[in-house]
Amino acid sequence: MQYKKKVLTIVIVSLLALMISGCTNAGAASSWPGYSVQGDTGYVSYGAQTYAVNLTNGSLVWNYPAEQNRSRQAYSAPQVVDDLVVIGDYANILVAVNEENGVEKWQFSGAEDRYVGSVAASQGIIYAPNADGYIYALNSEGDLQWKFQTEGPNWSQPVVDGQQLYYASMDHLVYAIDLAFESADLELDKDGSRTLRSDFVWKTDLGMAIIADPVIVDGVLFAATIEGKVFALDAVSGEIIWSFDNGGNLGAVWGAPVIDDTVIFIADTNGDVYTLEKETGKQIWPSPFNAGGKIVGSGVLTSEGVVFATEEGKLFLVNEEKEAKTLSSFENAIYSSVEAYEENVLIAPTSEDGLLALYDLEGFVVWSFVPTE
Amino acid sequence: MWESLIIEPFINALLFIYDLIGENFGLAIILFTVIIKLITWPLMSKQIKSSKALQEMQSDPDWIAIQTKYKNDKDKLAQEQMKFYQENGISPFASCLPTLIQFPVIIGLYQSIIQTMGNAPLQMLNLIPKISPWLTNVFSFIPGLKEPLSLLPLNSQSLWMNIGQPERVFIPGISFGIPLLAIIVAATSFIQTKLIASPTGDAQANQMSGMMNIYMPLLMGWFAYSLASGLALYFLASNLFSIIQYAILGRVNIKNLLPGKKMEVTKKGE
């Protein structure tokens with residue numbers, strides 16, 4: 001009888017534990033795959049693994065780490081910097097592995113929060129945004145050179161253009177930092193690191209958090225907020241050239257704007273795709289094209305139009321004439337960006353259709369990469 | 001239904017409090033927990049009183065006599081028990097109803113805190129559509145209120161901890177972080193269970209209660225150790241509030257905390 005009581009107590013406590021941990025989604029994926037393309041290789045991070053995939057046939061080149069570590073979940077897109085692939089993870093660690101074979105070269109563990117946004121690089125310096133409110137500048141050996149503090153978490157990818165680094169932060173601000181600063185502008189911190197204190201060229205308040213990666217084209221920086229507002233900023237002065245919110249009906253924008261010669265494609269979490277005149281921000285289509293599900297990842301420009309994916313798992317193409325076609329439908333939600341490879345598009349279905357798959361513009365699968373357990 | 005009736009109003013109320021108190025999410029969690037507990041106070045009081053009545057009934061000589069007399073006749077026992085309930089004005093389910101009503105509120109409170117933290121992309125993506133300016137509009141006469149969406153991302157730094165991360169205190173000379181909040185949560189859980197424990201004459205029930213008194217604080221401590229510190233703050237505020245509530249209702253037994261003391265059995269009329 002006493003044994004039964006003990007078992008009952010343990011069962012009750014275990015059920016409670018299960019209930020509470022279930023409520024927190026502990027162990028469940030809290031993001032989506034991130035990937036980038038460099039030449040004929042695609043680099044995709046999802047969960048505890050990063051894979052290098054041969055884009056010509058979908059075969060595995062290497063995976064990192066050799067032994068999975070569940071605490072090291074990486075979701076941001078790995079980026080190739082010279083001969084390195086740089087991966088940021090949810091265990092606050094930035095890792096660089098050899099681009100050829102995936103052998104680890106160095107780790108940087110100086111950040112205090114997660115890496116959600118991808119790194120950018122220029123002239124041998126890696127700029128790594130972190131949710132702890134810093135952008136870390138490291139050399140190719142992984143040594144911290146300096147850091148820059150924003151007023152909130154950083155989830156988007158920085159953009160480097162010439163001698164300026166542009167950064168759109170969740171603190172509502174877009175920063176332009178002059179990378180040719182004097183060493184006197186660096187302030188020594190207690191831990192021996194150096195922080196760039198004040199040398200930003202400009203900062204502009206967009207009023208809401210920015211998660212979408214900004215894009216710079218012809219001296220104009222395009223950024224969008226979670227409120228559902230798209231801005232064109234003068235990259236020199238930071239002044240707002242135009243903004244667009246469709247009378248408050250534009251949903252939260254998570255993906256980077258897709259920019260053609262004269263047209264900008266914007267997709268939002270209402271599932272709407274808008275076309276705007278690049279110069280003026282004026283809406284081109286009288287009403288948006290509705291894809292029927294949240295659009296989170298960035299789209300990609302192809303020869304036939306722009307390809308986006310939706311939370312409902314729909315991969316579709318829409319052109320400037322608002323002619324749309326569904327390329328494929330997947331079982332799982334798709335939040336990752338769509339990337340181009342030659343005349344085809346890469347997608348991360350995260351289902352039986354594979355972690356990464358290449359589709360042609362008629363919707364036929366060219367290959368699908370399914371990681372082995 | 002669950003989202004629109006419980007989670008979304010809770011998330012917006014939590015954000016409203018966060019805005020009101022100067023964007024301190026830790027304090028907002030504590031305050032929101034206290035407010036929800038105050039709202040559910042009448043239900044909780046009723047539950048405590050009803051369970052007290054049921055416990056007292058267990059040691060009533062007439063009740064014990066019925067149990068003994070009809071222990072081999074289940075139908076008759078049920079009849080006599082019902083009769084006893086009616087004669088003494090006891091409703092055996094009176095303590096269940098308040099619990100049933102409170103349960104979704106407490107679960108909703110817990111879920112809304114997790115969701116409002118929004119410290120991962122998928123959480124943030126799900127959080128944004130749930131935010132509405134209705135509370136800000138209702139209280140628009142309060143100066144300085146912000147558009148709720150503009151409060152995102154929440155300031156995760158509160159007191160000495162990052163609300164979105166498990167809490168650790170680093171002391172110079174010690175190479176590892178001390179989970180201070182987890183220790184406090186486990187301690188307050190232990191104190192709470194000991195203080196409010198009211199054993200009956202049933203030895204088996206007392207034994208089970210004794211085991212829960214050990215397992216529950218350990219479990220709560222483990223959650224506080226491994227989950228985001230915002231949740232640990234919720235556990236702590238909830239524990240402290242329960243202790244105060246039980247104390248106000250006269251259901252706290254300080255002697256249960258004394259080492260070597262066996263828990264006192266609550267008897268009728270105490």
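**Notebook: helices of chain B, sheets of chain A**

I began with helix α1 of chain B, residues 2-20. At 1.5 Å a residue, its 19 residues should span 27 Å, and I find the end C-alpha atoms 26 Å apart, which agrees. I note that this is a predicted model.

Next I looked for a bend in α1(B). The helix bends by about 25° at B:Glu8. A proline, B:Pro9, follows within four residues.

Which residues of α1(B) are buried? I list B:Phe10, B:Ile11, B:Asn12, B:Leu14, B:Leu15, B:Phe16, B:Tyr18 and B:Asp19. After the helix I checked B:Gly22, which has a positive phi, near 85°.

**Chain B overall**

I then stepped back to the whole chain. Chain B has eleven helices and two strands in its secondary structure. Reading from the N terminus, I get the order α-α-α-α-α-α-α-α-β-β-α-α-α. Chain B has 270 residues, and 30% of them count as buried.

**Helix packing in chain B**

I looked up how α1(B) sits against helix α2 of chain B, residues 25-39. The two pack at an angle of about 125°, and their axes are 9 Å apart. The pair α1(B) and α2(B) is therefore oblique. The crossing of α1(B) past α2(B) is right-handed.

I turned to helix α11 of chain B, residues 229-248. Its 20 residues, at 1.5 Å each, should span 28 Å, and the end C-alpha atoms are 28 Å apart, so the two agree. The buried residues of α11(B) include B:Ser229, B:Gly230, B:Leu231, B:Tyr234, B:Phe235 and B:Asn239. B:Gly250 follows α11(B), and its phi is positive, near 70°.

What lies against α11(B) at an angle of about 25°? I find helix α9 of chain B, residues 180-196, with the axes of the two helices 9 Å apart. That angle makes α9(B) roughly parallel to α11(B). I record the crossing of α9(B) past α11(B) as left-handed.

**A loop residue, B:Ile142**

I picked B:Ile142 in the loop between α8 (134-138) and β1 (157-158) of chain B. Is B:Ile142 buried or exposed? I count 11 C-beta neighbours inside 10 Å, so B:Ile142 counts as exposed. I also checked B:Ile142 against B:Leu20, the end of the search along this stretch. The two residues are 122 apart along the chain, and their C-alpha atoms are separated by 9.0 Å.

**Sheets in chain A**

I moved to chain A and its strands. Strands of a sheet pair through backbone hydrogen bonds, either parallel or antiparallel.

I found an open sheet of four strands in chain A, in the order β5-β6-β7-β8, with antiparallel pairing. Where do β5 (79-81) and β8 (104-108) of chain A stand? They stand at the edges, each with a single partner strand, so one side of each has no neighbour in the sheet. From one strand to the next the twist averages 25°. I then checked β5(A) against strand β6 of chain A, residues 84-88: they run antiparallel, joined by three bridges. A:Val80 has A:Val85 in β6(A) as its bridge partner.

I looked up another open sheet of four strands in chain A, ordered β23-β24-β25-β26 and paired in the antiparallel sense. Here β23 (258-259) and β26 (289-290) of chain A are at the edges with a single partner strand each, so one side of each is left without a neighbour in the sheet. Two bridges join β23(A) to strand β24 of chain A, residues 263-267, and these strands run antiparallel.

**Hairpins in chain A**

I checked strand β29 (residues 314-318) and strand β30 (residues 324-329) of chain A. They pair in the antiparallel sense over five bridges. A:Phe316 has its bridge partner, A:Thr326, in β30(A). The two strands form a hairpin with five residues between them. In the turn, A:Lys322 has a positive phi of about 70°.

Last, I took strand β33 (residues 356-359) and strand β34 (residues 365-369) of chain A. Four bridges join these antiparallel strands. I see A:Tyr359 opposite A:Val365 in β34(A). Which residue in the turn of this hairpin has a positive phi? It is A:Gly363, at about 95°, and five residues lie between β33(A) and β34(A).

Definitions and conventions:
Residues are numbered from 1 along each chain as its sequence is written. Chains are lettered from A and ligands numbered from 1 in the order in which they are written. This is a predicted model: local features need pLDDT of at least 70, side-chain atom pairs count only at pLDDT 80 or more; totals for chains, interfaces and linings use all residues. The expected span of a helix is 1.5 Å times one less than its number of residues. The bend at a residue is the angle between axes fitted to the seven residues ending there and the seven starting there. A residue is buried if 20 or more other C-beta atoms lie within 10 Å of its own, exposed if 12 or fewer, and partly exposed in between; C-beta atoms are placed from the backbone. Two strands pair if DSSP finds at least two bridges between them. Axes are lines fitted to C-alpha atoms, for helices over the stretch in contact, and angles run from 0 to 180 degrees between N-to-C directions. Angles under 35 degrees count as roughly parallel, over 145 as roughly antiparallel, 65 to 115 as roughly perpendicular and the rest as oblique. A crossing is left-handed if the near helix is turned anticlockwise from the far one by less than a right angle, and right-handed if clockwise.
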